[in-house]
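Visitor: Could you show me how to read a few features of a protein model, one after another?

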Amino acid sequence: MLPKEVEHEYVPFERKKREKKDKTPQQAIASLMRLCARAEKAESDALRLMRGWGVKPDDARQVLEQLKRERFIDNRRYAETFVREKLRLSGWGEYKIRTALQRKQIDRELIDAVLAETDRSGMGERLKSKLATRLRTVKYKTPYDLKSKLLRYALSLGYDYETALDTVDQILKESNKATEICEEF
């Protein structure tokens, strides 16, 4: 407890709301060039940022066209980088990658082309590794429960059902954790 002379009424700190400053098209170009130099951005990312900066839609289209002309923004390059990163580093499957790119408003034809060009070697091993890690931490009561949890996890990573089921079966056989492997799937 504080002495009486030190005690005072608590006054909560009030944050000042930042006033939203609208950017001019030239400021938006400069900001986006800096951002795109650091990391790939999709067209939809740039439009979303400019909307937040208060850039008028017509000006935003012109800014976007200039950035595309100068190759700061390229949806194909963005999609290639995204697919490569998610396949190798995050261990995502094709379905999850496709959905994420569609949310970024990338054309389906472009998504199909980029996914067709990618090297898919190692996808099965990455899924197997992720499932092995998950197997060590998952809580289950029956072999059926274990298999269904691992299968749901593999599907949530974006792998197709057949690949997920085969890999789960393989992990369970190798681990000897489930004494009876469920054949009901």
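Visitor: Is Thr-163 buried, partly exposed or exposed, and what decides this?

Guide: Buried means under 20% relative accessible area, exposed over 50%, and partly exposed in between, using a 1.4 Å probe and protein chains only. Thr-163 has a relative accessible area of 29%, so Thr-163 is partly exposed. Thr-163 belongs to helix H9 (residues 161-175), where helices are DSSP runs of H or I with at least four residues, numbered from the N terminus. This is a predicted model, in which local features need pLDDT of at least 70 and side-chain atom pairs count only at pLDDT 80 or more, while totals for chains, interfaces and linings use all residues. Residues are numbered from 1 along each chain as its sequence is written, and side-chain values use heavy atoms, leaving out hydrogens and water.

Visitor: How many aromatic pairs does a search of the whole structure find?

Guide: Rings of Phe, Tyr and Trp (its six-membered ring) pair if their centres lie within 6.5 Å, and planes under 30 degrees apart count as stacked, over 60 as edge-to-face and the rest as tilted. The search finds two pairs. In one of them, the centres of Phe-82 and Trp-92 are 6.2 Å apart and the planes are at 70 degrees, so the pair is edge-to-face. Phe-82 lies in helix H4 (residues 75-90), and Trp-92 is 10 residues away in the loop between H4 and H5. Phe-82 is buried, at 12% relative accessible area, and Trp-92 is buried at 17%. Tyr-78, Phe-82 and Trp-92 form one aromatic cluster.

Technical notes: Helix = DSSP H or I, 4+ residues; strand = E, 2+ residues; numbered from the N terminus.
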